[in-house]
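I opened the model today to look up a few points on helix packing and chain contacts. My notes follow in the order I took them.

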Amino acid sequence: MPPDHAGIAPAVDARLTREARVMTRYLLDRECPPEMLDRYARGTRRPDADRSRDGGDALADFAFAHPWSLPCLDAAAAVLPSGAVLRGKLHLMTAILEAAPTFATDFLPRHASRAGTLLQLAFHGAMAVAKALIGLPLLLAVTWRRR
Amino acid sequence: MTHDAIVVGSGPAGANAAAALIEGGRSVLMLDVGDVDARYEALIPPASFREIRQTDPAQHRYLLGDDFEGVSFGGVRVGAQLTPPRLYVTGSASHHMPVASDTFAAAESLALGGLGNAWGAGVFGFDERELAEWPVTRAELEPHYETVARRIGISADDDDLTAFFGRPAAAMPPLDIDTNAETVLRRYRSRREALNRQGFFMGRPPLAVCTTPHRGRGPHAYRDMDFWADSDRSVYRPRWTVDELRRGGRCRYVDRRLVLRFDEHADGVAVTTRHVDSGDLETFQGRALVLAAGTLSTARIVLRSLGRAGERVPLLCNPYTYVPVVNWAMLGRASRDRRHSLAQLSAVYHPGIATGGHETDMPVQAQLYSYRSLLTFRLLPETRVAYREGLRMMRLLMPALGIIGINHDDRRTPSKYCAMRQAASAVDSTLEVHYELTDAERARMDRHERTILRFFRQLGCWPIKRVRPGHGSSIHYAGTFPMRREPSGLTCAADGRLAATRAVHLVDGSTFPYLPAKGLTFTIMANANRIGTLLAQRLG
């Protein structure tokens, strides 16, 4: 039996569905197909995958409740250990999206001229830094408020 | 029923010792747990990585694993390069053969074919200097390198590395390298004389991969799927040899048996096993015993059988560092999809040449891999930027991205050892391992790595960071019962016979007195073939 349909409850948990949708839009600007919602829900069942399951995680909860904040919180979480749960969710969702033919072209190497490559690398690098600078105070505020 | 020889294990050592015994006219009983992949192998289509990525709707099953076992949420771990279809190789070993250590992460195998199911296929012969502590010369080992080369199928170039690795007479033409490696090799050739004077040499690694049809295998199809599948059977796996031996009729293969101990008697050796599913104990009789269970597992069997629990035996393991690099010449260049996923290039840094013989350190070896077919998501946590930007940057960098793996040699010191735990239970298999480098060894590693990376920078490969995944990560274990010219106690004779026994022969890495900075598998196979040949003559 294909594992996507093995042992999955008919109604996928609403929280996980929302998370998967928000992350797919954030990562690829695309909609998440239903089978990948299931896959994400299954992935979070792995004991080490979703450390927020029992107690919740302030940062992840905030990011998925306010999707506008996800890019900046992800960038900030990349450099701070307190963002591990959020980064873990993004890691799982990225893996699921990458292993699907629908999104293969979003992950396979992209060709550009050398100048174009360098310019794009500089642009994305600058974006990541800028988002991290905005995200750091936001991350600290969200985690501090929940303490 | 008594067999001429009982061979324990079906990995590179066991398969090649058994082949030599059978070619010498002896009957062999091979005892093995023999785990196989029953889940993923049949799912993977015989297509290229790109084709699969773009077309196969079931790819998530083997790329990520049905239980997402291919998605790591922790840091770097030993065996992290194993993909879900390869995880069975080490899957049940930690359950049946626990290792207790806070300094060493061991990877062992109970699979049919052992760790050879997941090796990098590099075949590097040892030279005279590296064999100096052996009671065997290169000339004595040479015919066995050739025999093994003919058996397993080797492709190799005749280039600057031939002096270091050798090139078997039966070698097939080398594998084509990818676009990334071509640019590096081209730069090396344009700077060759200066680099050689400084002790740096580069070329294509000799690999146990068929580039022409060989014993029903190959040639390599350049699908870039070598980390995932063996659909063209071009990369050598010891199970190909075991399959051949079983078809030949003189090898009885008994699986699901974990060997616990041996007891010698007047007519030979009794081997006690435990069935891994039922737990039943069973005893097999042989005139001689060949232990090829892998260095750590063989140590368990020997120490338990000889009642030497608690006694320390030395342990060798190549210290290993890997370094992601960006090859600037590839930025903005498209690379061919027709490629293989194994090491594209090898490099040797020989400090003695650089210093006109003043430096006595042994050579250091590096391999260059192109990072393509292990999926992008694995790299993103390492980038320390937001996933969205990280993904877009990695797509641009991917054609230029490489991984340099650096192996260092290893010698015995008092701080590297293993011992069977003094246990209440007679079948407790816990092996305690302690492994620490001395300050001098660490300083030497650091010095050589900086030098090697300087050479790679001259070739256009800019290091991003050095990663030391921890002791044990090379999975090159050896040296527990070294061969000696005058063996005594827990050492072996030149024919692999354990000194404290009459008919127990060790053929895996256990017998290596020294571990050069080279993959050891080819020499394990050649040495196993040598010992198997000698034993076949003795049993005759």
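I started with a helix pair in chain B. Helix 1 of chain B and helix 16 of chain B cross with a right-handed sense. I note that this is a predicted model.

Next I looked up the geometry of the pair. Helix 1 covers residues 12–23 of chain B, and helix 16 covers residues 521–539 of chain B. Their axes lie 7 Å apart, at an angle of about 30°. Angles under 35 degrees count as roughly parallel, so helix 1 of chain B and helix 16 of chain B are roughly parallel to each other.

Which residues meet here? On helix 1 of chain B I found, among them, Pro12(B), Ala13(B), Asn16(B) and Leu21(B). Helix 16 of chain B answers with residues including Thr521(B), Ile524(B), Met525(B), Gly532(B) and Ala536(B).

Then I turned to chain A. I count seven helices and zero strands in chain A. Buried residues are 39% of its 147 residues. I took contacts in chain A between residues at least 6 apart in sequence; 74% of them join residues at least 24 apart.

Last, I checked where chain A touches chain B. The contact takes 44 residues from chain A and 38 residues from chain B. Which helix of chain A gives the most to this side? Helix 7 of chain A does, with 11 residues. By class, the side of chain A that touches chain B holds 24 nonpolar, 11 polar and nine charged residues.

Key
Residues are numbered from 1 along each chain as its sequence is written. Chains are lettered from A and ligands numbered from 1 in the order in which they are written. This is a predicted model: local features need pLDDT of at least 70, side-chain atom pairs count only at pLDDT 80 or more; totals for chains, interfaces and linings use all residues. Two residues are in contact if their C-beta atoms, placed from the backbone, lie within 7 Å. Helices (H or I, at least four residues) and strands (E, at least two) are DSSP runs, numbered from the N terminus. Ala, Val, Leu, Ile, Met, Phe, Trp, Tyr, Cys and Pro count as nonpolar, Asp, Glu, Lys and Arg as charged, and the others, Gly among them, as polar. A residue is buried if 20 or more other C-beta atoms lie within 10 Å of its own, exposed if 12 or fewer, and partly exposed in between; C-beta atoms are placed from the backbone. Axes are lines fitted to C-alpha atoms, for helices over the stretch in contact, and angles run from 0 to 180 degrees between N-to-C directions. Angles under 35 degrees count as roughly parallel, over 145 as roughly antiparallel, 65 to 115 as roughly perpendicular and the rest as oblique. A crossing is left-handed if the near helix is turned anticlockwise from the far one by less than a right angle, and right-handed if clockwise.
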